[in-house]
Amino acid sequence: MNRRGIILIGVLLLATSSLLALSVGTARIPLDSIAGILISRVPFIGSLPESQPSGWETIVMDIRLPVVIMAMLAGAALSASGASLQGLFKNPLVDPFIIGISAGGAFGWVLALIVTIDSTGWWVQWFRASLSFAGAITAVTAAYLIARTGSRVPVTNLLLAGVAISASLTAATQFGIYLLVEDPRPVMISLLGTCSNSRWGEILVVAPVVLISLPALIFLSRDLNAFSMGEEEARGVGVNVERSKFLILAVASLLAAVTVPFCGMIGFVGLMVPHMVRRFMGPDHRWLIPGSFLFGSSFLILCDMFSRSIMDRIVPLGMVTGFLGGLFFLYLIAAGRRSG
Amino acid sequence: MIEVEDLRCAYNGSDVLKGVDLEVEEGTFMGLLGPNGCGKTTLLRCITGSLRPRRGSVRIMGREISGWGRKELSRKLSIVPQDTSPGFDFSVEEVVAMGRYPHMGRFQLTDPDGGASVNRALRWTGLSELRSKKISMLSGGERQRAFIARAFAQDADILLMDEPTKNLDIRHSMDIMSLVRKKNGKEGLTILAVLHDLDLSVRFCDKVALMKDGKVYDIGPVRKVINEDSVGDVFDIDVKVHRGKHMHIEVLG
Ligand SMILES: Nc1ncnc2c1ncn2[C@@H]1O[C@H](COP(=O)(O)OP(=O)(O)O)[C@@H](O)[C@H]1O
Ligand SMILES: [Mg+2]
């Protein structure tokens, strides 16, 4: 199948999974009512069907839609972040969670949270997001510098440094919460990873970042292809290696970091999605990046729907992706062992 | 085309290149020979601008290396580094098409005019048939030809290669050497290649540079530079040089 066809399938999958996710929850709302409610919001043409329970519209528009959109944005962001980091380090085992970006983001976020715990105002969200980004980029830079030997950055070193930094930062984060936050439970839970508290205001922070990063990464995708051959090769075909590497790291960190304040630490999405997309669309980042955006968003919407429907209470999304990711990692190791 | 003067380069403190002088004229195929660790790769990396020398100068086509933009330079100078291993399984054609990147605008994602260059590079290297194969499915020789094709697709005037025949048997080494020799003969491509096989070097190169311990020991036409004394000195071995139709360097001990 050609790559355009796969993109088309991705679009259909995204539409279907969004509708499904809107219908699932404590109140089961039939798909035709959802379609009716959504269409009624389109200016000029829409009108609301009469015969449905009051409250459905509020549930769909004010509660579920922001959750679904947040899952979509976070899935896209984490997958594209993973795809670009994998290309940059020419290794399919890299993921924003593994190399410490998420832990750095969480650390920055908790720091901001402690400082602004009694503050209100529009700037609070942005301040927390900014500190989260600062934490993420600091963590990944630290991992990168620790891993570097001479002019090379061996990926095993990077993974080990990432794990070490993640572990210490996570401990520091938890210590901060434990010591300084009066009621640590909700903070802890939101760090476990969940989209289910998302509101429209938060989407206003995440959406612009994600929507600006997509074209940015697409224009960096040629460089990512070149990096997949090695740094020396990239330089040979005219890539400004240091600048490009910085830009890619910055955008990848930004994408992963912006999800942390609103969705917590959702692991392994950036590992699994690019891997699957690469299998169907090939390694060319000009397709892989948009493909990861698209399939990553459906993937996280479905995971979130699953996390809302397996029990009578919401299971944190991060646990669902963590569980799937663990299995997936095992599968990768087994597959790698088989192929030698 | 390439002029290197009093080049000194260090990794951590101590100099690896200790004052290298070297000139490669336009249209020359020059082999760079010397024992392991004498600084050949380091020299190439200074010429590509990926290492900054401590002292001395590198000029490409008369212009100081620092005066070239990265992209501008790669339209003139292509490289086939040592031990290329793609992180992902690109097809041959995708790899070769990367050679077109320096010719594309910053916001251009595809290169509508590049197809001809890619096809020509595939034909030169005999890979037209294999163009849609995955790199991992190729033999060692075919793989190396694919990386050379990528360099050819750059349509540059200079080609730098670091041990292009490493890990290849004699048949495939000959293929690679005659391939670049032909490109050099027909299109005047200037080539500087780090080589380890003395017999192949003397057979295919116009000139050689012998390196020892961070310096150029001797440089010039093959038959002038390669003799019992120079080879013996540089590699610290006893050799006998047979000068027939093809020169042969016999190692005595
Ligand atoms: N990245 C590096 N960091 C530190 N030392 C290096 C590095 N690369 C090469 N060297 C040292 O520089 C010397 C020359 O290396 P190199 O140019 O690779 O030699 P050659 O290619 O001739 O075998 C060797 O002694 C090597 O150990
Ligand atoms: Mg070398």
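Predicted model: local features only at pLDDT ≥ 70, side-chain atom pairs only at ≥ 80, totals over all residues.
1. Start with the extent of the contact. Chain B brings 33 residues to it and chain A brings 28 residues. The two chains bury about 2600 Å² between them, and 61% of that lies on carbon and sulfur atoms. On the chain B side, the residues that lose the most area to chain A are B:Phe88, B:Tyr101 and B:Leu109, which together make up 30% of what that side buries.

2. A:Arg3 forms a salt bridge with B:Glu94, with the closest N and O atoms 3.7 Å apart.

3. Which elements of chain B give two or more residues to the side that touches chain A? They are α2 (70-74), β6 (77-80), α3 (92-97) and α5 (140-153). The largest share, three residues, comes from α2(B). By type, this side of chain B divides into 14 nonpolar, 11 polar and eight charged residues.

4. Finally, turn to the second largest pocket, which has a volume of about 670 Å³. Its lining has 20 residues, and those nearest its centre are A:Pro92, A:His275, A:Arg279, B:Gly87 and B:Asp89. The largest share, four residues, comes from α14(A). The lining divides into nine nonpolar, six polar and five charged residues.

Methods. Residues numbered from 1 in each chain as written. Chains lettered and ligands numbered in written order. Heavy atoms only, no water. Contact = heavy atoms within 4.5 Å. Buried area = accessible area lost by both parts, 1.4 Å probe. Salt bridge = Lys/Arg side-chain N within 4 Å of Asp/Glu carboxyl O. Nonpolar A, V, L, I, M, F, W, Y, C, P; charged D, E, K, R; others polar. 1 Å grid on protein atoms, 1.4 Å probe; cavity = no way out; pocket = protein on both sides within 12 Å on 5 of 7 lines; lining within 4 Å. Points joined across faces, edges and corners; volume = space filled by probe spheres on them.
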